[in-house]
Amino acid sequence: MPSFSSHSRRLRLSSKPYQTDSVNSVFAGHHATVNCLECNRTMVPRVVTYYGQPLRSICPFCGATFVKFPSGLQRFFERFQPKTLSFDAFKSLMMMTLCFGLIWLISDWLKVPEEFNFVGTIGTIILGIIAATELIVQCVEYIAAKLSHEINYYWAALVLISLVLANENPNLIDYLLLFSGIMMLRWFVVGVLQILRTKGK
């Protein structure tokens with residue numbers, strides 16, 4: 001009856017696949033597969049790229065989109081948008097509005113150059129409007145988060161309503177353009193405050 005030597009036993013292939021410790025540590029506690037939301041099959045998403053940039057991941061069975069990856073422009077805009085609901089920007093804007101308002105009042109009481117009065121008036125009005133706009137935006141996003149709705153649908157509906165109103169009444173176009181300008185200014189100011197707050201941490 002043939003017998004194997006100890007050397008030949010060491011050369012026999014193991015029945016279990018060999019994995020290094022680094023590979024085991026990478027996949028420890030994680031699942032390499034997910035369930036497709038369309039066909040409900042277990043799969044590994046395939047990434048679709050365009051000139052080396054990832055666009056989205058798809059299911060290899062049904063081709064449905066699993067995850068969309070933001071573009072470079074979207075990632076740039078996301079730096080100006082806070083990731084969570086927060087009234088910190090509103091509080092900062094209100095503090096700046098109160099400071100400019102205090103300059104406005106002091107310039108009225110005391111004999112100071114007219115430039116201080118002008119700066120205090122303009123700063124109070126502009127920052128007050130931006131603070132009110134930020135409060136409205138945060139309230140809308142808070143309602144959308146409470147109702148588990150996508151906030152983009154709210155803004156798309158607002159744009160659609162604005163277009164319908166402008167089509168029905170052309171006199172509202174100037175006000176809609178003014179509101180759009182205020183929203184853009186609010187987006188820029190809040191984005192700058194967000195970046196400064198992030199760098200401060």
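Author: Let us begin with S57, which, leaving out residues up to four places away in sequence, touches P45, R46, V47, A64, T65, F66, V67 and F69, where a contact means heavy atoms within 4.5 Å. The model is a predicted one, in which local features need pLDDT of at least 70 and side-chain atom pairs count only at pLDDT 80 or more, while totals for chains, interfaces and linings use all residues. Residues are numbered from 1 along each chain as its sequence is written, and side-chain values use heavy atoms, with hydrogens and water left out.

S57 lies in strand 4, residues 53-58; strands (E, at least two residues) and helices (H or I, at least four) are DSSP runs numbered from the N terminus. With a relative accessible area of 4%, S57 is buried, a term that means under 20% relative accessible area with a 1.4 Å probe and protein chains only.

Strands 4 and 5 run antiparallel and are joined by three bridges, and I58 has T65 in strand 5 as its bridge partner.

Turning to the whole chain, the secondary structure comes to seven helices and five strands, which follow one another along the sequence in the pattern α-α-β-β-β-β-β-α-α-α-α-α. Of the 201 residues, 19% count as buried, and among contacts between residues at least 6 apart in sequence, 44% join residues at least 24 apart.

The largest nonpolar core has nine residues, namely A89, F90, L93, L127, I130, A131, V189, V190 and L193; such a core is a set of buried Ala, Val, Leu, Ile, Met, Phe, Trp, Tyr and Cys residues joined through side-chain atoms within 4.5 Å. Helix 4 (88-109), helix 5 (114-146) and helix 7 (173-200) each supply at least two residues of this core. Apart from its neighbours within four places in sequence, A131 is in contact with F90, L93 and M94.

Note on methods
Buried means under 20% relative accessible area, exposed over 50%, partly exposed in between (1.4 Å probe, protein chains only). Two strands pair if DSSP finds at least two bridges between them.
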